[in-house]
Amino acid sequence: MGSGADREVSLLFEKAARIDKGRSDKIKAIQLGQEATLKCFYDGHPPPKVIWTKGKKKLGDKCAFCVQKVENSPRLSTLRVTPFRDSDFGEYRCKARNKLGFQQIKIKLREHKSKNITQCQRDRLLAGDPRLRLEFLPKCNDDGSYHMIQCSVHLKKCWCVDQSGHKIADAFNNHDGKHCKEPKDKLVLSVIILSIAVALFLLIADVICLVTKNKGVLKKCIRFRNKHKKYGKLKLKEETKLAEIQESAEEDP
């Protein structure tokens, strides 16, 4: 008898799943990369099972690389969303169900666009998307533009970028840090090495011309030397004439 009475009392208190649309959120606006909390108040007996969906996808609380996290407590279910893409905005649904009924509510998440955000700042926000797992975080200047040098900790590499953030060259290491232009000491060293290489080439060519008994090779060496001598003489004559013209122009009133 006792169990039957308890069952009758339980039936009296049973209530279909219901969502309190007055207290639950309807529309929320948030900026890219910021967290939004969508609230869904519900009741019913037996306690309803509450799920969140976006489109045909069911959202859960056990996803390491998701931007949506569900938290359920008695009579309140919350969905925490950190949008990084346009697809993260839009319509979310909170659904409550028990054996006596079913009810759902639509909550819209809109993007509150900031007019002052730059492309570098936007890319920096997008780099925080756990679904991407990017290997580097873009570096921005104080005015929001791309820093000239971008680095990746994982790749252990730095490179130079233009105003649009596109790579234009590798960065050079120097005693005072990283540079986008090759340090002067390296340029000087390169010029010295090139000069030595040219001098050695000419010396070897002269030795070959003197040692070889091949008349054809000897003639080519002499022709090469004479050609450069003639070029030097012509250049000297042109410079002399130009100097004379300038002097005569200065003397004329």
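**Exercise 1.** Determine in which sense β1 and strand β3 pair, and over how many bridges.

*Solution.* Strands are DSSP runs of E with at least two residues, and helices are runs of H or I with at least four residues, both numbered from the N terminus. Two strands count as paired if DSSP finds at least two bridges between them. β1 and strand β3 (residues 36–45) are joined by 3 bridges in the antiparallel sense. Within β3, Tyr-42 is the residue opposite Ile-19. The model is predicted: local features need pLDDT of at least 70, side-chain atom pairs count only at pLDDT 80 or more, and totals for chains, interfaces and linings use all residues. Residues are numbered from 1 along each chain as its sequence is written, and side-chain values use heavy atoms, with hydrogens and water left out.

**Exercise 2.** State the order of the 4 strands in the open sheet and identify its edge strands.

*Solution.* The order is β1-β3-β7-β6, with antiparallel pairing. β1 (15–19) and β6 (68–73) each pair on one side only, and they are the edge strands.

**Exercise 3.** Decide whether Ile-208 is buried, partly exposed or exposed.

*Solution.* Ile-208 lies in helix α3 (residues 184–211). Buried means under 20% relative accessible area, exposed over 50%, and partly exposed in between (1.4 Å probe, protein chains only). Ile-208 is partly exposed because its relative accessible area is 44%.

**Exercise 4.** Find what percentage of the residues in the chain is buried, and how many helices and strands the chain has.

*Solution.* Of the 253 residues in the chain, 23% are buried. The chain has 4 helices and 14 strands.
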